[in-house]
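Welcome! Take a moment to look over the sequence and the 3D view, and then let's explore some of the details together.

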Amino acid sequence: MPVPIPHNPLRYTLSYLIPGDDGLVVVDPGWASDEGWAALQAGLVAAGASPADVLGVVVTHVHADHHGLSKRLQDAGAWVAMHPDERDALNPSGSPADWLRAHHVPEAEIAALAGTIGKHRMAAAAQPDVLLHDGDLVPLAGRQVRTVWTPGHTPGHICLLEPSAGVLLTGDHLLPRISPNIGLQRPGSSPLESFLESLDRVAAHDELEAFPAHEYRFRGIAARARQLRVHHEERCDEIVAAVERLEQPTIWQLAASLTWSRPWDEIGPMRVGAVAETMAHVRYLADRGALHWSGEHVTRPATRG
């Protein structure tokens, strides 16, 4: 069921219905808006159901374009399920402005960009009734839908595996054309390393059809996973070359020097994701000794003579 995302080039989130013996589970109900709610209801009607038939909601992760309408279904009596790390992400510590300052974003940019982050932090978002750990079954009678923990895009991102139906619901972890944003979400984490490991986990299910949360369903899970791995290898090479050229950039300066889908001066609020993704790659490269991150500047490690 395509649920629209207002003023967003992705246009919609693909929400899915999983029928069980006693009712339905909705996966990623979409952005909270009147238009989105109407689209979700229309999808239920097309399936011969209504919101009253929804037993539960599973969110692959708690971004607003996936989790927004969960609260409306929860208020109507449905349980809401997610990974424990996504529950923790609903109540982040620190302010958006502090995060941006830590990455040396110019003060002139902080007010606008901090407001962008705030739009995706949903104070009234549905809290989970059910926590799904890796390998857990979704509590839906008549189905064997298993949780596959795939951290990277977010710390608690999950995919849903249903081999008897020949389906892997991939959320934002694996999309047919788009590379999901892999940004540093919390101190001490290495989301890019987690994401690459998660790609290997889903590649093992290459015989299944992928049902993603955006764009369209597709086959070739292992091939798509390889493409994404190559993409991040090339991005790492670009970052190392940029650091050598700039000598000791801040994360902001480094991000501004990289290639993005549009020129840096035109990507607007997407700069937040660009900074987070640049930091995730720097963390990954620093862990492997290819770069050094001082907390202020990125440099190449000193060579030993």
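This short report visits a few residues, a pair of helices and some salt bridges in a predicted model.

## Asp28, a buried charge

Let's begin with Asp28, which sits in the loop between strand E4 (24–27) and helix H1 (34–46). Asp28 is buried, yet has no salt bridge. The nearest side chain of opposite charge belongs to Arg217, and that is 15 Å away.

Which side chain does Asp28 meet in a polar contact of 3.0 Å? The partner is His66. Leaving out residues up to four places away in sequence, Asp28 also touches several others, including Thr13, Leu14, Ser15, Gly171 and Ala213.

## His83, another buried loop residue

Next, find His83 in the loop between strand E6 (79–82) and helix H4 (84–89). Is His83 buried or exposed? Its relative accessible area is 7%, under the 20% cut-off, so His83 counts as buried.

The C-alpha atoms of His83 and Thr147 are 8.9 Å apart, although 64 residues separate the two along the chain.

## Two crossing helices

Two packed helices are described by the angle between their axes and the distance between the axes. For helix H7 (residues 191–203) and helix H10 (residues 271–287), the axes come within 7 Å and cross at roughly 85°. On the H7 side the contact is made by Pro191, Leu192, Glu193 and Leu196, while H10 brings Ala280, His281 and Tyr284.

## Salt bridges

The model has 14 salt bridges. In one of them, the side chains of Asp75 and Lys71 meet at 3.5 Å, N to O. Both residues lie in helix H3 (residues 70–75), 4 residues apart, which is about one turn of the helix. Asp75 is exposed, with a relative accessible area of 57%, whereas Lys71 is partly exposed at 33%. Arg87 and Asp88 also form a salt bridge, at 3.2 Å.

Where do Arg300 and Glu244 lie? Their salt bridge has its closest N and O atoms 3.0 Å apart, and it links distant parts of the chain: Arg300 is in the segment after strand E13 (298–299) and Glu244 is in helix H8 (residues 221–246), 56 residues apart. Arg300 is partly exposed at 37%, and Glu244 is partly exposed at 47%. Finally, salt bridges that share partners join Glu209, Arg217 and Arg219 into one network.

Note on methods: Residues are numbered from 1 along each chain as its sequence is written. This is a predicted model: local features need pLDDT of at least 70, side-chain atom pairs count only at pLDDT 80 or more; totals for chains, interfaces and linings use all residues. Side-chain values use heavy atoms; hydrogens and water are left out. Helices (H or I, at least four residues) and strands (E, at least two) are DSSP runs, numbered from the N terminus. Buried means under 20% relative accessible area, exposed over 50%, partly exposed in between (1.4 Å probe, protein chains only). Lys and Arg count as positive and Asp and Glu as negative; His and the chain ends are not counted. A salt bridge is a side-chain nitrogen of Lys or Arg within 4 Å of a carboxyl oxygen of Asp or Glu. A polar contact is a pair of N or O atoms within 3.5 Å; within protein, one must be able to donate a hydrogen and the other to accept it, and residues adjacent in sequence count only if both atoms are side-chain atoms. Contact means heavy atoms within 4.5 Å. Axes are lines fitted to C-alpha atoms, for helices over the stretch in contact, and angles run from 0 to 180 degrees between N-to-C directions.
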